[in-house]
Amino acid sequence: MRLNDTILNDAQAIAADLARNGSLEIDLDSQEIRLRRARYPLRRIASMTAAGAAEPERLLRQYLSRADMRESLLSIHYSDVGVGVASQGRAAGDVWVITLAEPYAAARPGWRGEIIEQVNRFRAQHGLAPLVANDTLHGIAQAHSEDMAARDFFGHNTPDGVSVGDRAAAAGYGYRTIAENLAAGMRRPQRVVDGWIGSPPHREAMLNPKVEEAGVGYAFDPFDDGAVRSVHYWTLNLGRR
């Protein structure tokens with residue numbers, strides 16, 4: 001784990017507040033709101049409190065003795081940590097707060113090639129020719145992914161009714177066949193393609209023998225707080241000119 005200043009400052013503020021109020025109860029909903037307002041790309045969080053433990057080693061043993069806290073401390077999901085401590089006075093001892101957090105992360109570099117590679121592998125399993133990457137289709141797909149993230153919608157038609165065919169025509173892609181697959185909420189390209197394979201309409205689009213070219217778009221919004229709130233937005237355009 002790595003120490004994160006935003007998580008640390010929040011944990012310290014919580015510890016001071018709990019010490020003043022004589023409480024060990026954390027309002028996790030309020031903590032999540034604060035961290036997002038502080039521009040921390042929060043995916044999940046766990047916060048733990050303890051009182052009276054004067055030494056870090058003793059505090060850690062206290063946390064590890066409880067199954068729920070031990071599970072959080074040993075979780076593979078959390079990568080950022082912050083620790084806060086505040087005194088309640090000599091008799092009452094200290095209040096400790098440990099906050100563990102997992103930030104959202106973007107898809108790894110090379111996602112565009114990985115999507116096309118996985119789609120072509122699937123097509124090969126069904127005796128179909130591989131798709132060739134097309135820059136115009138890349139541009140169309142990228143613009144649509146960014147539009148979905150920016151305008152908080154998820155669909156083939158934009159809020160003002162623009163379809164994939166409209167987008168292709170406007171970009172100068174003179175198509176005879178055009179198709180589009182969308183996905184949201186998944187970071188790994190393999191999971192995206194697996195989802196399409198498991199969905200009959202998306203599967204049909206990828207196995208269309210008439211399409212010859214492909215373009216992929218991806219948008220990442222770690223502070224996504226709209227109605228859709230999917231963070232990751234994917235578009236695959238398939239076409240033939």
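Visitor: Is Arg-20 buried or exposed in this structure?

Guide: In this predicted model, Arg-20 is exposed, its relative accessible area being 62%.

Visitor: With which residue does the side chain of Arg-20 meet in a salt bridge?

Guide: The general idea comes first. Side chains of opposite charge can pair when their charged atoms come close. In the present case, the partner of Arg-20 is Asp-17, with 3.3 Å from N to O. Asp-17 itself is partly exposed, at 34% relative accessibility.

Visitor: How many salt bridges does the structure hold?

Guide: There are 14. One of them joins the side chains of Asp-68 and Arg-66, at 3.0 Å from N to O. Asp-68 is partly exposed at 42% relative accessibility, and for Arg-66 the value is 42%, again partly exposed.

Visitor: Which residue forms a salt bridge with Arg-151?

Guide: That residue is Asp-160; the closest N and O atoms of the pair are 3.3 Å apart. Here Arg-151 is partly exposed, with a relative accessible area of 39%, whereas Asp-160 counts as exposed at 53%. The cut-off explains the wording: Asp-160 is called exposed because its 53% is over 50%.

Methods: Residues numbered from 1 in each chain as written. Predicted model: local features only at pLDDT ≥ 70, side-chain atom pairs only at ≥ 80, totals over all residues. Heavy atoms only, no water. Salt bridge = Lys/Arg side-chain N within 4 Å of Asp/Glu carboxyl O. Buried < 20%, exposed > 50% of the residue type's maximum accessible area, 1.4 Å probe, protein only.
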